[in-house]
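Let's take a walk through a protein together. Have a look at the picture first, then read on.

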Amino acid sequence: MSRIENQFTVQFWGVRGSIPSPGPNTVRYGGNTPCISMQAGDKRLVFDAGTGLHVLGQSLLRQMPLEAHIFFTHSHWDHMQGFPFFTPGFVKGNDFHIYGAIAPDGSTIEQRLNDQMLHPNFPVPLQIMQANLSFYDIRPGQPIHINDVTVETAPLNHPGEAVGYRVNWRGGAAAYITDTEHFPDRLDDNVLWLARNADILVYDSTYTDEEYYSPKSPKIGWGHSTWQEAVKVAQAANVKTLVIYHHDPAHDDDFLDCVGKQAAAKFPGAIMAREGLVLQIPTSVILSESFPVSKFST
């Protein structure tokens, strides 16, 4: 078996929440909205389709024809606005499997991607894409199997609903948990379940506690969490590496430097998400679990 076939990697293409934030003050961490990719052997998985998806797409042009599995946490604009600009989607011979939960209004992920590309919002329809697009409606709480890769899912606490993911492959595990808001009196059982013993936890840390609980402009009910809560989850779930993610568009590079230092002081395995970051997950043939693998809260 070649070294590449046994690699499990996570790469960050967009790490910013809410709106793209380009400019001289966001150069080091990046201004594109959410998109990460995971490579588990020969399987390519993509999570969310913010403007970072365009950057990922450009990097894939020299690898075509290609196949990938694209998972949506939800369809708020910052998580899907890059899809119409995903160049490989317009190239015949490429194959994309697209997953998303049915929204509270009953719409599928296919319908929502289609609607954002209709006039007067976009010049060309979804149907102009020449790649083979296969759509799958997922039910949070049920796993998805892609050969020997298992993608576990759970509902998150977010306005309009969202889905968290955990990728398991050859003894390694990476959890992608955004957008979600912590509870005031307890840790979220669904978040803990997805994060259990993970090698990498990517967690929505949009705010600081001071911003979240600000008397003048609180962020309670906005659907996002804080880096302090991220540390609590990482400690409780026995996570190895915590990745602070979904940076607020108002947080510049210097601000994020400070957050990174504070988070690392509380949890030595904490790092800041930035565009271009690549993390390697060790793999083996044995998967050890010490947390329960059932029970979901909705």
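How exposed is cysteine 258? Cysteine 258 comes out as partly exposed, at 43% relative accessibility. Cysteine 35, on the other hand, is buried, with a relative accessible area of 0%. (Buried means under 20% relative accessible area, exposed over 50%, and partly exposed in between, using a 1.4 Å probe and protein chains only.)

A quick word on what you're looking at: this is a predicted model, where local features need pLDDT of at least 70, side-chain atom pairs count only at pLDDT 80 or more, and totals for chains, interfaces and linings use all residues. Residues are numbered from 1 along each chain as its sequence is written, and side-chain values use heavy atoms, with hydrogens and water left out.

Now find glutamine 58, which sits in helix α1 (residues 52-60); helices are DSSP runs of H or I, at least four residues, numbered from the N terminus. Glutamine 58 is partly exposed, at 35% relative accessible area.

A cavity is a set of points on a 1 Å grid over the protein atoms alone where a 1.4 Å probe fits but cannot get out, and lining residues have an atom within 4 Å of a point. The second largest cavity has Trp227 and His251 among its lining residues, and helix α6 (residues 253-266) gives the most to that lining, with three residues.

Key: Helix = DSSP H or I, 4+ residues; strand = E, 2+ residues; numbered from the N terminus. 1 Å grid on protein atoms, 1.4 Å probe; cavity = no way out; pocket = protein on both sides within 12 Å on 5 of 7 lines; lining within 4 Å.
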